[in-house]
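Dear colleague,

Please find the structure below, together with some notes on what turned up in it.

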Amino acid sequence: YTGIAQFPKKLSNDWNLINRVVWTVPSVPLDQGKIDRFKSGLGSGGGILPPDSPLPAPIDLFSGRTTGFGDMFYVGMFSPSEPISFENGGKLVWGAGFDLALPTASEDILGTGKWSAGPTGLGLYLGPKWILGALGMHYSDFAGDDDRGSVNQTNIQYVIFHRLNATTSIGAAPNIICNWDLSNDN
C-alpha cells in the first residue's frame, strides 16, 4: 500500500511549491524474523541448524511475509502558478525541485536504513481526452546505517490516462525503479 498526500503552497503570484508526502506499507515475500534468527545462528554451532547439517539453511527458512511501515518520502517541486494552456483546452503543468527519503521502515527488509536526497522533476499534459506525463526522482544516500548498502536509485513514474467522461478515466501510473549500484546482469 502507498499513501500519497499532495498539497500546493502559493509562494507568490507566479510560483507554487508542490508538497508531496508518500508513505508506504509494503508486504514482501520474506519473513524478517526468520532472517534475523538465521543471521544470529550462523557460525554459532548451535543456532538454527545442527552443527553437522549438510544444508546451509532450512529449505523453508524464508517462507512467510513481512508487512509493515516502509521508508517515507517527501517531494518538493517549484511550479508556475498558471499552467501553459493550449488551443485544444489542454494544459501543461511542470515542476522541478528536490526529494528526501527518511528511513522510517519498521523492519530492515522494508526499507533502506538510509537518509537519501536528490533532484526531482515533473511534466504533465492535462488534455480534454488524455492525461500524459512523467515524474522523475533520484535518490542518493547521505547518512544512515553504515551496515546497509548505499542508495543510488532513480524512480520514474509515467502517467497515461484516457478520460471516458468528466468523472471516469482509465489508465496506468506505474513506477520504474533503477538501482544503479546493481551489476549489469541484475
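Helices (H or I, at least four residues) and strands (E, at least two) are DSSP runs, numbered from the N terminus. This is a predicted model, in which local features need pLDDT of at least 70 and side-chain atom pairs count only at pLDDT 80 or more, while totals for chains, interfaces and linings use all residues. Residues are numbered from 1 along each chain as its sequence is written, and side-chain values use heavy atoms, with hydrogens and water left out.

Let me begin with Asp71, which sits in the loop between strand S4 (66-67) and strand S5 (72-80). Asp71 is buried (under 20% relative accessible area, with exposed over 50% and partly exposed in between, using a 1.4 Å probe and protein chains only), yet Asp71 has no salt bridge, a term for a side-chain nitrogen of Lys or Arg within 4 Å of a carboxyl oxygen of Asp or Glu. The nearest side chain of opposite charge (Lys and Arg count as positive, Asp and Glu as negative, and His and the chain ends are not counted) belongs to Arg148, 6.8 Å away. A polar atom of the Asp71 side chain lies 3.5 Å from the backbone nitrogen of Ala105.

Thr24, for its part, belongs to strand S2 (residues 15-24), and it counts as buried because its relative accessibility is 16%. A polar atom of the Thr24 side chain lies 3.2 Å from the backbone oxygen of Asp71. The C-alpha atoms of Thr24 and Phe69 are separated by 6.1 Å, although these residues are 45 apart along the chain.

Technical notes. Polar contact = N/O pair within 3.5 Å; in protein donor to acceptor, adjacent residues only side chain to side chain.
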